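This report covers strand pairing first, then the ligand site. Follow it with the structure in view.

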Amino acid sequence: MLTMHLNIISDNKINKINFNNNNKINLIIKIQQNQFQQQNQQNQFNQQNQQNQFNHQNQQNQFNHQNQQNQFNHQNQFNHQNQNQNQFNQQNQFQFNHQNQQNQFNKFNPNTFIQNPNLSFKRKTYSARYYELKKKRENLPIFAHKEEILQKIKENKVIILCGETGCGKTTQVPQFLIDGGYHLTGKQIACTQPRRVAALNVANRVSQEMDVVLGEEVGYTIRFEDKTSSKTIIRYLTDGMLLREAMFDHSLSKYSVIIIDEAHERTLSTDILLGLLKQLINKRQDLKIIIMSATLESEKFKQFFIDPPVLEISGRMFPVEILYSQVPEEDYFESAIRTVMQIHIYEQPGDILLFLTGEEEIEEACKRIKKNASQLQGDLCGKLRVLPLYSALPPDVQQKVFDDPPNHIRIQHNTKREILSHEKTRNLGEKVEQKEEKEKSNEDEEKILYSRKVVIATNIAETSITIDGIVYVVDPGFSKQKVYNPRNRVESLLITPISKASANQRTGRAGRTKPGKCYRIYTKQGYEELQDQNNPEILCSNLSSVVLTLLKLQVEDLVHFDYMDPPPPETLMRALESLNYLGALDSDGKLTSLGNLMSEYPLDPTLSKMVIASSRHNCAREILSLAAMLSVPSPFFCPKEKTQQANDTHFEFHHESGDHITLLNIFHEWKSRNSNTDWAYDSYLNFRSLKNAENIRKQLSDIMIRQNFKITHTSIHHPDYYKNIQKCLVEGFFMQVAHLESSGKYMIIKDKQPVEIHPSSFLQEKPNWVLYNEFILTSKNYIRTCTKIEGEWLIEIASHYYDLSNFPKGSVKRELEKLYLRKAFRNKSFISSNQNQNQNQNQFELKFREKSIRKKRFSKLN
Ligand SMILES: Nc1ncnc2c1ncn2[C@@H]1O[C@H](COP(=O)(O)OP(=O)(O)OP(=O)(O)O)[C@@H](O)[C@H]1O
């Protein structure tokens, strides 16, 4: 058992943390005093957030009851912010004047780059679409600043670019850099995005603007998908992928310019990249860095990068009117649905984007809106296409939100088009009556019915993306945010109010291709009370993967790494401790050979440890499939109208040990059907998830083979076939195990947290020991994707973690004592000998691999 001591010597601002694992581990880290203070703040923050969540949930439950009764009777009153329009006009006026002056001084010709053959990316002929898009590009506010941007980047290693949402930063700046010749040295321009959907969407748009095939000159790289080629000069990629590239090429030598877009999001990967890039610009004289966002805390970034120039670009493409609720809404979900329906019935043409917090809320909203719309359709308004957008959806389903909107106008004769203003709006029921009355009195005139799409998204649609046709944004002001409790290692997502930066990004999804309106389902005062910026993810995440990445990047002094916001020491220590238990770090906190191998997998350390161990457990074939299945969105697909049929079909794949082998059964069945799409469809399985898993499996198996691990397997008829797989799961997940108490409830081992098995589990019984993949904190604590294991395997595989000398007292300890005794009796050996087993096992892993390398060499020689 690891113990730790934290000594604070405030005078010289040096702290010491000693990890002590029976004298084996002695890791000393110096940390600064302010980090310790920050930890306390963080703990407070976590506690507060948890508290808020429970309050919120309780309120939510109450409101759900109330609102079900009052649906459509409740009034949505919006406070028209017409002054916004005026402000916009003034601002725009100012901007245009500014632009004109700029143009005069610079004598800027937007076609310069086309005329300069050396610096241009030029084709012989361009399509009509190219010219159409070129016109649009030239009208973007950023276009007038092209020369200025190129000049500033020429003169400086780092620049910060702040410009209104939609002004053209993401799509245009990389193209400006091509015109500036930054690709001519054979290097590429990288533009990072916090989200996959944005990287893909923007790359697609820019390839159209440059009139090239996506994946050739312009491409994208997201986890497990690389759509680039040797021709690529502009690469959009997730920040996580750039970080992975840095692991293998520390100086990111293939890039001449690296753009960190949407830097305000402060994702974990962005923060680490910022620290790395700050080091890198001193090593690489030719490297340029651009930090971009519409809603950036520029002062903080300025200080971090030691005073780079900040370019501010005002003006967005089209105005967006912001409307606030006049009184605080009791239930944002109900209000959001009501607002969408009101827009559909009463507003001018244009599609709607509604932000909700997660998959469940979104699916529920889709169902409700579809139902409401079906009751209205026909005589009141046109068709409404409802589309969900959240990260667990397969990419092709996500892409549907970008499809052209449905035919917008359907004209129905004998009735008159009617649009009521918001001032007249009291409640939907009243409006419908009013409208029907007017329709009757105008029977001879024609009525125009507007069809539209409504996209219901999480905050994955908040930044970077442009969904053509979106005119109305509905923002209830909440999102799910990560919270990490290092004490019990639980990372959870809590529904919390968004920041002002997020609210402004959401507003900015309208006004991109036409003027728009943003309905904020909170008061103006509510907006003022929001915190300015998002919490940096590094302060509220499990850092195991990051620590592994940093060590692989040869950043050994994790504490003194140049973080924009240093992570809480307790979180850092927990990450080090977990990695040490997994065998990835030695007692000095250095990367072991095993850790080095683990870091090469684009997986969480628990999964990579499991994959590596699979070779020794004779189940690599199966574990590769399983790791792939655990890396994709759930394959289960349950159409609302056929839930029972779908559940029955899914049950046919179930295995009595639980969810992991059930997933494996599905994958095997899919492969035995030659990856048949119809079969997946008929089995209510998500074809895309399975296809992605296939692709991911191939990539993981390539890494395993490259690392000289044998892709072992056991015959399905062998009695140990399932046992091997279950034991191998324990290799990675031994810290994620729950025990069945005599009370009939499960308790997480060591942390003593009561949990329940998620209702979606295929486990039919209540085994004594359950290993889980995920901990979900909602109104209850759930563990999801669970498998039955034997207690003996825990002490056999992870005796270093289940070391009783440091184990908390209780029923688990008593059970484990019995198991150790039984084992000692069987082996006629002492318990203490097990304590070295973990290290022996890691040694064994490496010897196993070396043996395999030697064998290969030997066979080559022969
Ligand atoms: N897929 C698309 N379809 C239609 N127009 C698009 C598309 N992508 C971009 N545009 C147009 O290009 C403009 C600039 O988009 P871009 O993403 O470069 O802006 P941005 O300044 O990076 O915005 P944000 O800060 O929101 O990321 C948009 O306002 C829109 O007019």
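Cys191 stands opposite Tyr236 in β9. The model is predicted. Strand β6, residues 188–193, pairs with strand β9, residues 234–238. Their sense is parallel, and the pairing runs over 5 bridges.

Both strands belong to an open sheet of 8 strands. Its order is β8-β7-β9-β6-β10-β11-β5-β12, and the pairing is mixed. The edges are β8 (225–227) and β12 (310–313). Each has a single partner strand, so one side of each is left without a neighbour in the sheet. Neighbouring strands of this sheet are turned by 20 degrees against each other on average, direction ignored.

UniProt, in an unreviewed entry, lists residues 150–314 as "domain: Helicase ATP-binding". Over residues 150–314 the chain is 39% helix and 25% strand. The end C-alpha atoms of this stretch are 18 Å apart.

Leu771 stands opposite Thr787 in β27.

Now the ligand. Which residues are closest to it? They are Lys169, Thr170, Thr171, Arg509 and Arg512, out of 18 residues that surround the ligand. Helix α6 (residues 169–179) gives the largest share of the shell, 3 residues. By class, the shell divides into 4 nonpolar, 8 polar and 6 charged residues.

| Residue | Protein atom | Distance to a ligand oxygen atom |
|---|---|---|
| Lys169 | polar side-chain atom | 2.7 Å |
| Ser464 | polar backbone atom | 3.5 Å |
| Arg509 | N or O atom in the side chain | 2.6 Å |

How much of the ligand does the protein bury? Taken alone, the ligand exposes 640 Å², and the protein buries 93% of that.

Lys169 links several of these points. Lys169 is among the closest residues to the ligand. A polar side-chain atom of Lys169 lies 2.7 Å from a ligand oxygen atom. Helix α6 spans residues 169–179, and the UniProt domain spans residues 150–314. Arg509 is also among the closest residues, with a side-chain N or O atom 2.6 Å from an oxygen atom of the ligand.

Methods:
Residues are numbered from 1 along each chain as its sequence is written. This is a predicted model: local features need pLDDT of at least 70, side-chain atom pairs count only at pLDDT 80 or more; totals for chains, interfaces and linings use all residues. Side-chain values use heavy atoms; hydrogens and water are left out. A residue is near a molecule or strand if one of its heavy atoms lies within 4 Å of it. A polar contact is a pair of N or O atoms within 3.5 Å; within protein, one must be able to donate a hydrogen and the other to accept it, and residues adjacent in sequence count only if both atoms are side-chain atoms. Accessible areas come from the Shrake-Rupley method with a 1.4 Å probe; for residues, only the protein chains shown count as cover. Helices (H or I, at least four residues) and strands (E, at least two) are DSSP runs, numbered from the N terminus. Ala, Val, Leu, Ile, Met, Phe, Trp, Tyr, Cys and Pro count as nonpolar, Asp, Glu, Lys and Arg as charged, and the others, Gly among them, as polar. UniProt positions are given in the numbering used here, feature names are shortened, and annotations may be inferred rather than shown by experiment. Two strands pair if DSSP finds at least two bridges between them. Axes are lines fitted to C-alpha atoms, for helices over the stretch in contact, and angles run from 0 to 180 degrees between N-to-C directions.
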